[in-house]
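The sequence and structure come first.

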Amino acid sequence: APSDELELMNMIQTAYDIDDMPSVVRYPRGTGYGIEKLNSLFNYELDEMPEKGKSLEIGKGRIVQEGREKAKIKVAILSIGTRLGQALEAANTLEENDPDLGVTVADARFMKPLDIDLLRKLADENSVLLTVEEGSIGGFGDHVLHFLAGDGALDNGDLKVRPMVLPDAFIETAAQSEQYDAAGLNAKHIASTMARLLDPAKHPTIVEVTQQLELTTITKKSEATVA
């Protein structure tokens, strides 16, 4: 699943070179980022766009951005597909807001086979792992969770893992950015999900706030009755 126009070129070339098994490329909707943003956000060093893509190693992802050096708290975002740009923006925002936080961003590239070396590295070096995808429940994030559980990465409770996926609901026709916003998969949603995992008390969910308000109301009614 390509994350940008350069990766799209590379993956089309990769699929073309595979001649001994089936392959599928998730061809993304929308426009490309342009060379300036590819360099500034995705950390490429391009003078110009290549005329042809290059074949990628099957089943191997990549670290796009390492977290801040000497960070006291290390977390990671693992994206597959075009949410990578939003994941990078979220990581930059999180690090700007917390000087003790280091956010590594990785691009899985392939859903199958999974890059188990990359998954183990992210699990070993971080306290939180967030997966982000343009897929529904039962997709990439679930494959990652299944592997980590089977590999024992979740046994000692040191790693929190959360998948971010499309909601199991119909999304109204709209501009692409509006649909992502409705699905909760833009940079602000990724950043807020990570913030809640790091400090649930400081960043409660809407459900938790509602439950707390209901509990407070019930308590006050009970006290009024007793009085």
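In this predicted model, Asn126 touches Lys74, Val75, Ala76, Lys121 and Leu159, leaving aside residues up to four places away in sequence. Asn126 sits in the loop that runs between α4 (116–125) and β4 (128–133).

**Asn126**

- The relative accessibility of Asn126 is 9%, and Asn126 therefore counts as buried, the cut-off being under 20%.
- A polar atom of the Asn126 side chain lies 3.2 Å from the backbone nitrogen of Val75.
- The side chain of Asn126 also has a polar atom 2.9 Å from the backbone oxygen of Leu122.
- Val75 is also on the list of residues that Asn126 touches, and Leu122 is one of the buried residues of α4.

**Helix α4**

- Leu118, Leu119, Leu122 and Ala123 are the buried residues of α4.
- Around the helix axis these residues cover an arc of only 130°, so they lie on the same side of α4.
- An α-helix has 3.6 residues a turn, so residues three or four places apart point the same way.
- The cover over the buried residues of α4 includes the strands β1 (62–65), β2 (73–80), β3 (101–107) and β4, together with the helix α5 (140–150).

**Cavity**

- How many cavities of 30 Å³ or more does the structure hold? There is one.
- The largest cavity contains about 40 Å³ of space.
- Its lining consists of Leu78, Ala108, Phe110, Leu114, Asp115, Leu118, Leu119 and Phe140.
- By class, seven of the lining residues are nonpolar, none is polar and one is charged.

**Helix α6**

- Which residues are buried in α6, residues 176–183? They are Gln179, Tyr180 and Ala183.
- Viewed down the axis of α6, the buried residues fall within an arc of 100°, so they line one face of the helix.
- These buried residues of α6 pack against α7 (187–198).

How values were computed
Residues numbered from 1 in each chain as written. Predicted model: local features only at pLDDT ≥ 70, side-chain atom pairs only at ≥ 80, totals over all residues. Heavy atoms only, no water. Helix = DSSP H or I, 4+ residues; strand = E, 2+ residues; numbered from the N terminus. Buried < 20%, exposed > 50% of the residue type's maximum accessible area, 1.4 Å probe, protein only. Polar contact = N/O pair within 3.5 Å; in protein donor to acceptor, adjacent residues only side chain to side chain. Contact = heavy atoms within 4.5 Å. 1 Å grid on protein atoms, 1.4 Å probe; cavity = no way out; pocket = protein on both sides within 12 Å on 5 of 7 lines; lining within 4 Å. Points joined across faces, edges and corners; volume = space filled by probe spheres on them. Nonpolar A, V, L, I, M, F, W, Y, C, P; charged D, E, K, R; others polar. Arc of directions from axis to C-beta.
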